[in-house]
Amino acid sequence: MSNKKSIVDIATVNKIARLARLNIPESSKENLTNELNNILSFVAQLDEVETSNIEPLASVTGHKLPLRNDEVTDGNIEELILQNAPEKSSGFFVVPKVIE
Amino acid sequence: MSDLLKFDLLQASKAIKNKEFSSVELTNAYIEAIENTSSLGAYLEIVKDHALNMAKISDKNISDGVSRPLEGLPIGVKDMFCTKGIKTTASSKILDNFYPTYESTVTQNLWDDGAVMLGKLSCDEFAMGSSNETAAKGNVKNPWLLCKEVSPGGSSGGSAAAVASRSALAATGTDTGGSIRQPAAFCGITGLKPTYGRCSRWGIVAFSSSLDQAGPLTRTVGDAALMLNSMAGYDNKDSTSANLKMPNLMDYLDKGVKGKKIGIPKEYTQDGISDDIVKFYDTSISWLKDAGAEIIPVSLPHSKYALPVYYIIAPAEASSNLARYDGVRYGVRKEGKNLDDMYELTRGNGFGEEVKRRIMIGTYVLSSGYYDAYYLKAQKVRRLIKQDFDNVFEKVDFILTPSTPTTAFALGEKLDPLTMYLNDIFTVPASLAGLPGISLPVGLDKSGLPIGMQLIAKAFDEVGLISTAQVLEKSAGFNFIADGAAK
Amino acid sequence: MNNTEKLKAGQIEGETGLWEMVIGLEIHAQISSKSKLFSGASATFGAEANSNVSLVDAAMPGMLPVINEYCVEQAVKTGLALNAQINNISVFDRKNYFYADLPQGYQISQFTKPIVGEGEVIIDSDDGNQTTIGIERLHLEQDAGKSLHDQHPTKSYIDLNRTGVALMEIVSKPDIRSPQEAGYFVKKIRSILRYVGSCDGNMEEGSLRADCNVSVRKSGEEFGTRCEIKNLNSIRFINQAIQAEAERQVEILESGGKINQETRLFDTSTGETRSMRSKEDAHDYRYFPDPDLLPLEFEDSWVNSLKASLPELPDTLRERLVADYAITPYDAAVLVEEKDYVEFYEKAALGRDGKLTANWMISELFGALKKENLTLLDSPVSPENLGELVMLITNGTISGKIAKDIFVDMMISKKRPLEIVKEKGLEQVSDDNEILKLVENVIADNQDKVKEFLSGKDKLFGFFVGQVMKVSQGKANPGIVNKLLKEHLK
């Protein structure tokens, strides 16, 4: 981690905000950058821990992924699916167009 | 009517079944209590008519002689649980218009067992926080030292405040890094986080999937056992749900600790813990010793890395879990000139500062070039932390620690995110290892605020956890009531 | 360069020299399951918008995935059919990006540890031989929904029916060297999928689609920068798109430019590829293991039982048919295109002349079915009846020519050929004496032609044959006619 010591700058913050589709007002960008840097510096202490022979922890449960039978047990609930939609039309969700 | 508030869950359950009073009477008492304590801001939604309907059904069941384990008992539900037809917001602006068409498995279990729903309880937004100061609709106040305006803890601050103020007989919460145990400690009540996988996560707004667990907040350990009996259970709609039957916890109450070994981790007594808490930690150790337990010093060497591990993994998972809040299929949409614009405005406007911070951290630590250094590294250290516990549990049956480094702080006192994160220092390790933990009140500090102690048990040993906690509870004899409680 | 040397398929001649194509394919095959990969909603095609959608598919708050066992089985069986390594432990990862047809804001896929590893597939290559194309991996992932962009000037309409349908993504190694080879590869994969039964391979309905990675280089040089052409849903478009893209790249490189690694779409109306602008920053998918799912684990014994349940696959069948029925490799290749064809053929050829049966099936039956727009499964001619027809020819009961007429009747009436022969009295006349009578009559009636024939017009022999056949209503055994005419035209 040490050769990627995170000095997150505003440009990176912009990039991350874009990836996360978050609109961050200009006025809060500097503050946010500082806060993020503090947090990232805090978590950087994991550098101290020797983990070269350690496997990442996949799950704490200890059981295997359960498998489901191939049956149609769901669906046919268009009304419920669309019930909370901010905009819908003729059974479709409606969104502003993507620029493709 | 307010007399009815004095009964805890187990007592009220017996009394209702004995027809000493009706569920409708009890429910009305709680509805009145909610109104009397409304300045706490614990409730986001009160469903009076719905509650009374459920209470009437319970009364009929009781008179017909067919009563269920929680028949007629009024409880509050943290607003992270989807409740069918009843607004569920995760305390966020972005879901301020969301009415689920489905019920979470855990709450359905409670209704199936006869419980009555009083309403939805405030929490930190998307369960991210340790002080209930990030709820969209405003802070929740701790009913202790009301004039001082102290935090009830978080993220289940509303749940803890409601139980402590006697405006709910019991409440559901969720615990990801301490969000049940820490507010329970701050509010002088009992809070239990079961083993990961014990309760189903289906229908609970997901924050950090490998850590989230539902659990009860109650007045007593016995109450928590009764609640957990109903809440727990295998759910085939949740792939992480444990296919193990939990024994009826009621059969294991008051079994004592004779011959049990209690581990005291040396890493948990360090700078930053308040003197009063240290004192009560020592006292708690001697209580357990007097009750016949063997006290064994142990070491959890990687404890200090638990917080950094948590603050990589939880935000990472959250950044992905919260991607679905995009204004397309539900939630409050902000119109934009195109799809991406709509996403950015909807999410930028709908999420609060702490949520945005964590999404940013999470997105960053998963991003190209940083995944190995942060996320993968954190998962490796997480394995070491779990191994520490596995090693210790070969020597002992339970681990005792303080629940929090300090008692409740004033609202607005901890504005710096990092300082806020340090609250979870004692609760996070058990979360990372997926182990069950309980916090119960053992005394008051000099200023009159409650102090909680935490017991951690082996995976799926909720039986032992309850039993041991009861011994501590009995020894401590904590019978104080918050000054802000309903009377 | 020598003008008389023909360009090989996949080669492009430029100003600066000869370029060759390097192609890799990513095939997305929808698994033939009833329900979706992680939800219990129906996976069928063509339903009304948002009717095959569960709360899980719509990514409502608190929803969780549960994996479909059938889909796992199909992935393993397909992997075995690709001679690939099966990974007994694999992991599901989240691929995070934002799009309206992706409700979760991530696709559940497999990144670092897929269920199937390296394998290989044998395909026909352009020079008529066979070549081996390496398979990099096969993994399971969710399909996305559908967006309709042309219903409204400023709005898009979203249908989530397809969201969460199980896909197998089959990734080839960059071993393909021409658009034609890419087509053969897709055909072969499609065939294998249909044999295994894991996917119906219906490209029109979208159950099989291909993304093509195309780059160009001068022979012997390193691989060039590649571009990805997405969502090609017919072999014709695959051929066209690869050719167009390779030509585009050659043009850029020849003029001294550089290729930008990017994702492109094929415009079927212009025949050109164009850049997909919206995908520039979508490369950072932030893959991480899905915490709602545990690693997928299974035993060798289970894999072995699936292996035992596989049908004979095209390559093995091809060899066996040639060996058992003495048919040509070409005929065998046609027959193994579909499992149904082989089943039909083997029923028809049982105890019959294998080569003749193959001919009849390929030349006559397939042609007739195509004309009527029927599939083999709907054939009015049953395999047993076809076999009987072949037998009637080989045992001399009817001539090949009469057989064709009978076949037409069989297509309409569905009757047994034996029945038709009896009804219409079409038995071949093979009695020497009977035919001799006819031969003598024809010779007697056509003395002028006999004279011409004997004076050297050899071609008139056919006339006499024709005449005998005519008076016998086609039933005279042609072999005997020939023999007797030769004897008596003196």
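Contact here means heavy atoms within 4.5 Å. Keep that in mind for the first interface. And one caution: this is a predicted model.

Let's start with chain B and chain A. By that cut-off, 66 residues of chain B touch 53 residues of chain A. Together the two chains bury about 5300 Å². Carbon and sulfur atoms give 70% of that area.

Take Arg21(A) with Asp340(B): their closest N and O atoms are 3.0 Å apart.

Which elements of chain B give two or more residues to the side that touches chain A? Helix 9, helix 10 (339-350), helix 11 (353-366), helix 12 (372-392), helix 13 (417-421) and helix 14 (428-433). Helix 12 of chain B has the largest share, with 12 residues. By class, this side of chain B splits into 35 nonpolar, 17 polar and 14 charged residues.

Let me stay with salt bridges for a moment. Over all chains, the count comes to 55. Look at Arg357(B) and Glu35(A): their side chains meet at 2.5 Å, N to O. That pair crosses between chains. Arg357(B) sits in helix 11 of chain B, and Glu35(A) sits in helix 2 (residues 26-43) of chain A.

Next, chain A and chain C. Here 37 residues come from chain A and 51 residues from chain C. The buried area is about 3900 Å², and 58% of it lies on carbon and sulfur atoms.

How many salt bridges do we count between chain A and chain C? The count is 2. Lys64(A) and Glu299(C) form a salt bridge through their side chains, at 4.0 Å from N to O.

On the chain A side, four elements each supply at least two residues: helix 1 (10-19), strand 1 (67-68), helix 3 (78-83) and strand 3 (92-96). Strand 3 of chain A gives the largest share, 5 residues. The classes on this side of chain A are 17 nonpolar, 9 polar and 11 charged.

There is also strand pairing between these two chains. Strand 1 of chain A and strand 3 (residues 67-68) of chain C run parallel, joined by 2 bridges. Arg68(A) has Asn68(C) as its bridge partner in strand 3 of chain C.

Last stop: a sheet in chain C. It is an open sheet of 3 strands, in the order 6-5-16, with antiparallel pairing. The edges are strand 6 (106-109) and strand 16 (288-289), each pairing on one side only. Strand 5 (residues 93-96) is joined to strand 6 by 4 bridges. Within that pairing, Asn96(C) stands opposite Tyr106(C) of strand 6.

What packs on this sheet? Helix 9 (residues 306-321) of chain B does. That helix touches strand 5, strand 6 and strand 16 of chain C. Its direction makes about 60° with that of strand 5 of chain C. And helix 9 of chain B has come up already: it is one of the elements on the side of chain B that touches chain A.

How values were computed:
Residues numbered from 1 in each chain as written. Chains lettered and ligands numbered in written order. Predicted model: local features only at pLDDT ≥ 70, side-chain atom pairs only at ≥ 80, totals over all residues. Heavy atoms only, no water. Pairing = 2+ DSSP bridges. Axes fitted to C-alpha atoms, helices over the stretch in contact; angles between N-to-C directions. Buried area = accessible area lost by both parts, 1.4 Å probe. Nonpolar A, V, L, I, M, F, W, Y, C, P; charged D, E, K, R; others polar.
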